[in-house]
Amino acid sequence: MMIPDPAALEAAARLFRALGTPARLRLLCLLGDGPATVSRLVERSGLSQPLVSQHLRTLRETGLVVLTRSGREAIHALADTHVSHIVGDALAHAGEVQQPSGRSPGPVSGRS
């Protein structure tokens, strides 16, 4: 794989930092089911309203979530299908490498 330019690497690193908390991943999974208001996300996630709002702000700043307004209602949605794929792939990978002991199995034979 060719190494991207430094700006692209920095943007990808910001994206991964934004994905770095279970609460944000949970919110992205919920938004994968469709757009939602903050109150709906609070209800479905079990997180407090201030915490949901704080995480959504981070997700919007990194371009993972978009906000639209319908009257007085703010509706959040995934920015595009790439977001679902990133989260889904990360969760699938985590499930593959996780062993019952909680330890990862290490490199796959023939790969480094």
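Leaving aside neighbours within four places in sequence, which residues is Leu59 in contact with?

## Leu59 and its contacts

This is a predicted model. In it, Leu59 is in contact with Ala18, Arg24, Leu27, Leu28, Leu64 and Val65, once neighbours within four places in sequence are set aside.

## The nonpolar core

Leu59 also belongs to the largest nonpolar core, which has 20 residues. Leu28, Leu31, Leu41, Val52, Leu56, Leu59 and Leu64 touch the most other members. Five helices each supply at least two residues of this core: H1 (6-18), H2 (22-32), H3 (38-45), H4 (49-61) and H5 (81-97). The largest share, five residues, comes from H2.

In soluble globular proteins, nonpolar side chains tend to be buried together.

## Ser45 in helix H3

Now take a serine. Ser45 sits in helix H3. Is Ser45 buried or exposed? Ser45 counts as buried because its relative accessible area is 10%, and the cut-off for buried is under 20%.

What does the side chain of Ser45 reach? The side chain of Ser45 comes to 2.7 Å from the backbone oxygen of Leu41. Not counting residues up to four places away in sequence, Ser45 touches Arg26, Leu27, Leu30 and Val52.

## Arg57 in helix H4

Arg57 lies in helix H4. Its relative accessibility is 41%, so Arg57 counts as partly exposed. That class runs between the 20% and 50% limits.

How far apart in space are Arg57 and Leu67, C-alpha to C-alpha? The distance is 9.7 Å, and the two are 10 residues apart in sequence.

Notes. Residues are numbered from 1 along each chain as its sequence is written. This is a predicted model: local features need pLDDT of at least 70, side-chain atom pairs count only at pLDDT 80 or more; totals for chains, interfaces and linings use all residues. Side-chain values use heavy atoms; hydrogens and water are left out. A nonpolar core is a set of buried Ala, Val, Leu, Ile, Met, Phe, Trp, Tyr and Cys residues joined through side-chain atoms within 4.5 Å. Buried means under 20% relative accessible area, exposed over 50%, partly exposed in between (1.4 Å probe, protein chains only). Helices (H or I, at least four residues) and strands (E, at least two) are DSSP runs, numbered from the N terminus. Contact means heavy atoms within 4.5 Å. A polar contact is a pair of N or O atoms within 3.5 Å; within protein, one must be able to donate a hydrogen and the other to accept it, and residues adjacent in sequence count only if both atoms are side-chain atoms.
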